[in-house]
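Please look at the sequence and the structure below before reading on.

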Amino acid sequence: MTCGDLRAGDAGREIRVAGWVHRRRDYGGLIFIDLRDRYGLTQIVINETEAPAAAEVANRVRNEFVLEVRGKVARRLAGTENAKLETGEVEVQAASVEILSEAQTPPFYINEPDAPVDETLRLRYRYLDIRRRPMLDRLLLRSRLVSAIRAAHERAGFVEVETPILLKSTPEGARDFIVPSRLQPGSVYALPQSPQQLKQLLMVAGMDRYFQIARCFRDEDLRGDRQLEFTQLDLEMSFVTEERVMDFVEAMIVEVSRSVVPDRPIQQLPFPRIDYHEAMERFGSDKPDLRFGMELVDLDPALGEGITGFRVFDEVRAAGGRVKAIVAPGMADASRSGIDELTEFARRHGARGLAHISVLADGPAGAPAAHSPIAKFLGDDRVSAIAGAAGVKPGDLMLIVADADAEVVADVLGRLRQELGLRLGLADENVLAFCWVYHFPMYQWDSDGGRWHATHNPFSGVLPEDEKLLVTASGDPYKPSRQDPAGKARALQYDIALNGWELGGGSVRIHKRELLERSFALQGYSLEQMHERFGGILEAFDYGAPPHGGIAIGIDRWSALFAHQTNIREVMAFPKTQSGADLMLDAPSAPEPEQYSELGLRFVGLEIEGKQS
RNA sequence: GGGCUCGUGGUGUAGCGGCCUAACAUGCCAGCCUGUCACGCUGGAGAUCGCCGGUUCGAAUCCGGUCGAGCCCGCCA
C-alpha cells in the first residue's frame, strides 16, 4: 500500500502504510499527519481517545520522520474531503504508529514545491531535493523517456549493446578524461566522449541495428546545457542512406514524444529538413527555433547599387560582406538603454555594432515614420526601401548587422533572433518544433593546426557529388591548406534541433578505407598518426565494412526540454556544479599517497595555488 | 583563461556608511486546542552580516583580495 493509492472504495480496509511525514497538524487530542512517498500523500488521523499509544508516538513525530502506520481506511467526514489530493476522500484512522527513523529539521522546505532554494543547498542535499515533488517528477519523466526510447528501438529490431567506459582516447574535439592504468604503469585509459568508434565496429561486426543509452564524458567547461558527464542515445544502422536514418529517428522521436508528453503538440510533420546554408541564411543558426518567424532579411538588394552614404555599410559591401536584419515586432518603443543593451549583446558575440530603425505607429498623417540614427547617412529613400524590404510594420524595430564576415552577421542576428523571440514571448512554450539541419560543411579550417577540422565527426561521409573535392590544392594529400577544394565539401551530416536547442547529430560514415584515409589526411593525420589513433577501425574496414550511419541524441537535453527546463541539472539526479564539483560527495578529492605510488604517479604540483592537500 | 551577478538567524528576503542593541516571513522549541489540510492562538530561542585585509572617529553597508554558487564569452557538438 503506497501513500498514493487509497480511494473511497477502500473504506473499511485494515491497511499498513509507510512514508515520510510531509506535514503534521496537532490539535492536542487529535493529530493529522500527511504521510508522503513518491506515489502521493495520505492523511493519517490519530485520535487520542481511540488510540492513546499511537497518539503518544505521534506527539513526538516531526517533519520528515519515517513512519509505519497501521489502521483502518475510512471515508472522511462529510465536508472535510480534500479535492486537492487524489486520496482526499479518505483517511487512515491510525491504530498504531511506529517511528522507523527520526529526522533532523531539513535545511530547506521539502513540503513547499515553489519555495526558492539556493542551488548550493539543493546540490549538497540532493537526496532531500529529490524528495521534493518537482525534482521527483522530472526524474520520473526522464525515466519514462528512456523507457519509451528502449521500447521504440526494440520494436524496430535494434539491439542494445554496452560498450566499455575504459577506452582509448577518441579522436573528437573535446578534452579526454584520463584514467591511469595500474597494470600498465605509465599508460592511461580515456573515458569515452561517445562510443563512436565502437558502434562503427559493431556495424562491421554485423550487428546491423545498434543502440545504447550511453554515458559520455568530456573534460570541458560546464554550462547550463553541458555537464562533464552526460547521457546520449547512441545508435547506428547498416545499409542506410541519410534519409533512412533521418526517417527512422524521426519516427522514433514522434513515437517517444507522443508517449511521454502526449499533451504537447508537434509543430510540423514530417520535421522540416533544412539545408545548413539555408538555415544560416534564414535563421542565423544551425539549430533554429522554428516556433516563431523573425527570419533574417538580406538588405543588400534594397540598398541598391553603389554608395549608400553610410560608411559602415559601404565598407562591408566593398569587402564582400553582408548587411542583414531582423525585425522585432512591437519593439519600436525600445528605450535608449534597451537598444544599448542589445548593442552590447551584439558586440559580445562579435559584431562591431548594431544599427536600428524604429517605425513608430503614429507617423504624421497616418504615414509611419521611420526613426534611425543612420537615416541621416542613408537618406529617407534608402531607409524606406530597406524597411519595406524587411516588411517592417508600424511599431516594429529593425535591427541591422553589417560585417565583412558573413558568419558573424549570421551568428549575431541568429542569437538576437533567439533571444528576442523568447523575450517577446513569440515562442509557444508547449509546442515541440523539431527540425533537421543537414549537409553541414565537411570541414572548418583550423589555422592554428594548419589542417582541416571535421565540423562534426571525423568519420562523416561526403555527398557523392562532393567526393571529388576531398583533395588538396597542393596535390600532396598530407599538405592541407586553406585554399583546398575540401573547404567546399558538404557532409552527409544531420543535426536534430528542438525549440532552438541542438538535441543531437549524426552522419552517414565513410566506410571505404581509401576515402577515409583521404579525409583523415585533410584533417592533418599522417599515415603514422592514423594508424596509432585509428588503427583498429582502419583494419576493421579491410574485413568487409557495410555502409552505415547513425546519430547521437542528448538524453539530458531532451528530458530538460520535455520538462520545460533550461538547465540539464534539473533532470539529473546527481549533477555537478559549474566548477565540476559534486557538493554532496565532495568530489573531486585528492588521491591517497598509496594510490599515487600504485599507479606510478607523482604529483609535481601546478602553478595553480590552493588545493594541493 | 576572462566578464557579470549573488553570498545577512535553519530557509527565503529587507537593511547598502552612524537611528542595526540587525528587521520581516517562514521554520524551530514550549504551552493550549478533537476535524484540519500553508490549521489557529500565546510565548521563546536563534545570525556580528561567506572569509581575510584595508579606508573611516565609525562598515553588514565603501575598496582590494579570497572562497563558494549562478549566468555568459573562450572552450565544447
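## Terms and source

A residue is called buried if 20 or more other C-beta atoms lie within 10 Å of its own, exposed if 12 or fewer do, and partly exposed in between, with C-beta atoms placed from the backbone. Helices (H or I, at least four residues) and strands (E, at least two) are DSSP runs, numbered from the N terminus.

This is a predicted model, in which local features need pLDDT of at least 70, side-chain atom pairs count only at pLDDT 80 or more, and totals for chains, interfaces and linings use all residues. Residues are numbered from 1 along each chain as its sequence is written, while chains are lettered from A and ligands numbered from 1 in the order in which they are written.

## Positive phi angles

Most residues other than glycine have a negative phi, and most peptide bonds are trans. Asparagine 499, which is not a glycine, has a positive phi near 50°. Asparagine 499 sits in the loop between strand E20 (493-498) and strand E21 (501-508). It is buried because 22 other C-beta atoms lie within 10 Å.

Methionine 294 also has a positive phi, of about 55°, without being a glycine. Its loop runs between helix H7 (276-283) and strand E12 (297-298). Methionine 294 counts as partly exposed, because it has 19 C-beta neighbours inside 10 Å.

## Cis peptide bonds

Leucine 269 is joined to proline 270 by a cis peptide bond, with omega near -10°. Proline 270 belongs to the loop between helix H6 (242-260) and strand E11 (273-275).

The peptide bond between alanine 587 and proline 588 is cis, and its omega is about -5°. Proline 588 lies in the loop between helix H16 (555-562) and helix H17 (593-599).
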